[in-house]
Amino acid sequence: MTAPTIKPGTRDALGRFAPGNDQRLEKNGHWKGDAVSPEAARDRLKRRMPIHGPCEGCGAKASDRHHKDGNTRNNDPSNIAQLCRRCHMKADGRLAKIAAMDAWRSRRERKVGGR
Ligand SMILES: [Zn+2]
């Protein structure tokens, strides 16, 4: 017995889309547009914008995509900087946080050591 033929753009008896029917992005019934989670928005960006070229901050090899406005759902190319990990952590303020934590730790150790 041969499989029944289905016209492209239609669904079969089980509700599956026929082969050749493009269901990507907004054509998909599950497409969330801007209502997507931050994690899914980052995954989208990784698929759409491969890393190429040097870090825009220091010229080293770029490894990260940085959202300049802090909104991970804004994947407009003008909002994305390709950075190395160090420049990305600096841009996000993570390096400053780590430095503050290190300073706090060494102050505390000095206090504990000199009691
Ligand atoms: Zn850099």
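Among the elements of the protein chain, the mean pLDDT is lowest in helix H1, residues 38-48, at 85, and highest in strand S2, residues 80-83, at 95. Here pLDDT is the predictor's confidence in each residue, on a scale from 0 to 100. Across the protein chain the average pLDDT is 84, and 87% of the residues score at least 70. You are looking at a predicted model, in which local features need pLDDT of at least 70 and side-chain atom pairs count only at pLDDT 80 or more, while totals for chains, interfaces and linings use all residues. Residue numbers start from 1 along each chain as its sequence is written.

How are the elements arranged? Three helices and two strands make up the set found in the protein chain, and they follow the pattern α-β-β-α-α along the sequence. Both kinds of element are DSSP runs numbered from the N terminus: helices are H or I with at least four residues, strands are E with at least two.

Of the 115 residues in the protein chain, 8% are buried. A residue is called buried if 20 or more other C-beta atoms lie within 10 Å of its own, exposed if 12 or fewer do, and partly exposed in between, with C-beta atoms placed from the backbone. As for contacts, two residues make one if their C-beta atoms, placed from the backbone, lie within 7 Å. Taking the contacts in the protein chain with a separation of 6 or more, 37% link residues 24 or more positions apart.

Now let us turn to strand S1, residues 64-67, where you will find His66. His66 counts as buried because it has 20 C-beta neighbours inside 10 Å. Leaving aside residues up to four places away in sequence, His66 touches Ile80, Ala81, Leu83, His88 and Ala91. Its C-alpha atom is 6.2 Å from that of Gln82, 16 residues apart along the chain.

One of those contacts, Ala81, lies in strand S2. Ala81 has 17 C-beta neighbours inside 10 Å, so it counts as partly exposed. Beyond four places in sequence, Ala81 touches Glu56, His66 and Lys68. The C-alpha atoms of Ala81 and Gly57, which are 24 residues apart along the chain, are separated by 8.8 Å.
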